[in-house]
Amino acid sequence: MGWDPAVLARIRHLHLRARVLTESLMMGEHRSRRVGQAVEFADYQEYQPGADLRHLDWKVLARSDRLVIKRFVTETQLPCTVVVDLSGDMDTGTTGRGGYPDLDTSKAGYALTLAATLLFFLHRHGEPVGLELLAGQGAAYTSLPPRTGKNHLQQCFAALATARPGGRANLGQTLLAVGGRTRRRSWVGLITDGMEEPSEWLPAMSAFARRKTDVRLFHLFDRGEWTLDFKDAALFYSPEGGEDLAVDPGGAREAFAEVVDDYVSEVRSGIVRFGGRYVPVGTDVPLEDAIRRAILDGVAEGTWA
Amino acid sequence: MGLSLLSPLALGIAALVALPILAHMARQTPRERRAFGAMLLLERVVKRLRRRRRIKDPWLLALRVLALLLLALAVAAPVLSYRDQTPEFGGSGRVVLVIDRSASMSMADRGSTLFARARADAVAVANSLPEGTLLGAVVFDGEAIRLTPALTPDASSVATRIGDLSVSGGTSNLRAALVEARGLLGGEPGEILLFSDEAGPRIVTDAHSELERIVQGGSAVIPRTVAPEMRRNVAVVSAAYGSGIEGGTVVIRLANFGPEPREVPCEVTLPDGARVPVFVDLPPEGEAEERITVPPEALGGVGRVHCEDPDLPLDDDRYFHLPRVGASRILVVDGDPGDTPLRSEVYFFERALAPWGTAQTGFRPDVTTPGGLSTLDTETYRVVVLANVGDPRPIGPRLTEFVRKGGSLVIAAGDNVTAERYNAAFASILPSALRRSQALADVAEEGVPLALPDTRHEMFAPFARSGRAGFSRVRSHRVMTLEPYAESDDVRTLIRYEGGVPALVERTVGTGHVVFWTSTLDLGWTNLPLQAVFMPFVQRMVTVLGGDTSGGSARIDAIVGETVAVPLPDLAAEPDILGPGGDPVRSRLDGSRVVFEPETAGAYQVVLPGAPPLAWVAVNTDPIESDVRAYHTVEEAETELDPELFRAELELGSGLLGGSAVLILLQSLLMLRRRPT
């Protein structure tokens, strides 16, 4: 595969952005949720009849005549997959640049940078990382399963750099397929604007839930779009196709706000229902803040491990 | 109410109504296209707004269409004519206030009465008339009275006189009131303000001709109707005693003049004070009848029916005549008492009337001697029996008067009876002069039997089916003969002996009767007391003779406010009229009549000192006053006479124009809010 200089430049940009962003973040350890045969002591637990006597702390018994069981945590690798929605609707946006003047104002631009940063961060953390692109066009790769190694990371960056938004994601089907490919007890970050009927694609989250996958939905939105921040009436159309709609933003803004609220509530409750986490991410929010909120807050809450 | 157009062709402008419809249907389409990444949400918004617009847009269209229609109507210059209350009173400067004080105006309503409200309204009108207005006033019930002899500018004095008025129990006579009002106007145009409830079916129709004269004379009757919150009333519209010597019933009839069914507690009070409670269920706008059984004995006089009804108290009482009930007080004058009761002349007769006492038959024979007749009360006794009385002359005039007043006299012969004395005592009332006693057969023989009676006669009618033959077993061997007489309507032979000798002869004297039994009431001359027919015959005879009589008093029904004239016998003294409370009522003699005008309902008596009442007068309110429902109104009647009298006109053009402008403004505001979505 021959690399286009423009593509290479974009990879470099993505890489640099991801690296800068990653290094600016506070790093922390993540631990397995599985408690059992492990290396590092976790805590004590009162002995319960039937517990394995091999873990009985004899010293404590000798000192205090109490039966306690020692518990340990295991340090493991966590396969991580970043899923990026590159449907046509992601190719729109107003003024959000995530704090980077050179960043594309579209939701896709923000999504690609966010994905690259996540991949880099997780790679630096020693986790196997993978990438799944939904819709879009021109991508070098559309599905890269989680692996370790620099070359694999470079492949992920190349996929991100070559991808262009377009077409329809068909979230319901594609998420079902991705869910079928993910490993059990892995981590999945889904970056999408979710602009398909939630009732059609939210049920696909069950595929992740069945594998006990820790799904985190980065619900990407453009604040200008969600507030209908336009002055004049216009014929609005979707890049994915469909009929034009003549809308006067001033007259419809109030009703639009109600619709957005209903829609967010619908998506949030759908994700939570399948055990995922809902992280709304506006494109006007600096990327650092978004990533910190998306990842580090999760670590701080102890939801990983 | 009517609508007319001065420029009907201008309605063609209404065709412009198509323009806003076309404008409404036109859609504004923006030119700029804009890619949008949340079309899913926008489609949802559009759906939501379309649902709202389905409601909003028809209103916009309606506003536009209505605005144009109003504009077209405004140009057509419509004129609305509608019913107006008055020509403004006082405008002519001649006003007559006519106040209704009839019984129906006493109806209770909202803590007051209709009359009190009408009176207050009339006073207020009198005090508020423009200075210089000539004012008169008429009050009416059954008759109309001018409160002012002529129109006067002194409104305050008229108001004072109106304020002193009170309601009467009389009947409405609107016609008489309008005649007086027209008289006050003196042929000049003016306004007659009528303060009345206009209740009842006849008040307006009876006055129609007078209304016509007033309207044709350029005047108008302006009704200031005082109507109750709900027109309803319950009244006793009639009460009457069903006569019968054994006692009878009082039939009372109540009417409900309201739209709801009513259950009304009533009480019938008899003249002797006995009270009989009864509940009457009345259908809406209907009547009900109840029958009250009168005890076997009751005093004669005037009874009262009272029903509990808060709406119109004046008609809650109804007075009715009750004759002396119970023929018990038959006065039997025993002319031969004998030394033991068994030997008494009337022993059998007395037992035949009341064999087990009064309770069983309702008869109570009072037995006396000829001297006891000095206390004869014609109101108490209806039948007097003279049984073998030797000398009736001392009591002859009293008994003659008793018969002339409607009483019945039964004379039975006997050894003591002498023709001369009887002829002298009862010459004017006997069927025929007595001649002498005559033997029909030897005492040892059976005697002459009675012929079969004519059962077509009232006295023998009960024997038509059976018992008639029993008369043939009655035999007499001696009778008192009569001078020859001619059968007529007044003198009739009721039964004879075989051979033609009269046995029972009757003479009718006015409403009274004299019956002569030519034999004895004991076993002296006949075997009648031992025969089976004796008891039913005697009871029947007394029943027939006493049944329809009601004592000596005249009984007259009258209406409150109307003149009552009571015919008088030839009397030297002027009788008194006693009102319901026993107080004298003003009266006057008019030839052979005494005349008075009762102002309240109740029982009135015409009395002479120391004598039973000459007459009872039961005075009631006119039942027509009880009907408080509205029928034909004065306003309707006048409108029929002059359709323009109560009509006013209003030009609607400017108002419609303004309304159209407002609607156009409204639709513009609505358009500003409605942008293409």
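This is a predicted model: local features need pLDDT of at least 70, side-chain atom pairs count only at pLDDT 80 or more; totals for chains, interfaces and linings use all residues.
Where does it sit? In chain B, domain 2 (94-229 + 629-645) and domain 4 (554-622) both contribute lining residues, so the pocket lies between those two domains. The space in there comes to about 680 Å³. The lining has 32 residues, and the ones closest to the centre are B:E143, B:G561, B:E597, B:P598 and B:E599. If you want secondary structure, β32 (587-590) and β33 (593-596) of chain B are the elements giving two or more residues to that lining. By residue class, the pocket lining splits into 9 nonpolar, 13 polar and 10 charged.

Searching the whole structure turns up 4 cavities of 30 Å³ or more. The largest cavity holds about 60 Å³. What lines it? That would be B:F349, B:V410, B:W517, B:L521, B:L528, B:F534, B:F537, B:V538 and B:M541. Helix α11 of chain B, residues 534-547, gives the most to this lining, with 4 residues.

Okay, over to the interface. Its size is often quoted as the accessible area lost when the parts come together. For chain B and chain A, the buried area is about 2,800 Å², and carbon and sulfur atoms give 66% of that. On the residue side, the contact takes 22 from chain B and 36 from chain A. How many salt bridges are there between chain B and chain A? The count is 5.

Side chains of opposite charge can pair when their charged atoms come close. Over all chains, the structure holds 40 salt bridges. One inside chain B joins the side chains of B:R182 and B:E210, with N to O at 2.3 Å. B:R182 belongs to helix α5 (residues 174-185) and B:E210 to helix α6 (residues 208-216), both of chain B, so this pair ties together parts that are 28 residues apart in sequence.

That's it from me, thanks!

Definitions and conventions: Residues are numbered from 1 along each chain as its sequence is written. Chains are lettered from A and ligands numbered from 1 in the order in which they are written. Side-chain values use heavy atoms; hydrogens and water are left out. On a 1 Å grid over the protein atoms alone, a cavity is a set of points where a 1.4 Å probe fits but cannot get out, and a pocket is an open set with protein on both sides within 12 Å along at least five of seven lines; lining residues have an atom within 4 Å of a point. Grid points are joined across faces, edges and corners, and a volume is the space filled by probe spheres set on the points. Ala, Val, Leu, Ile, Met, Phe, Trp, Tyr, Cys and Pro count as nonpolar, Asp, Glu, Lys and Arg as charged, and the others, Gly among them, as polar. Domain bounds come from an automatic or database domain assignment. Contact means heavy atoms within 4.5 Å. Buried area is the accessible area (1.4 Å probe) that two parts lose on being put together, summed over both. A salt bridge is a side-chain nitrogen of Lys or Arg within 4 Å of a carboxyl oxygen of Asp or Glu.
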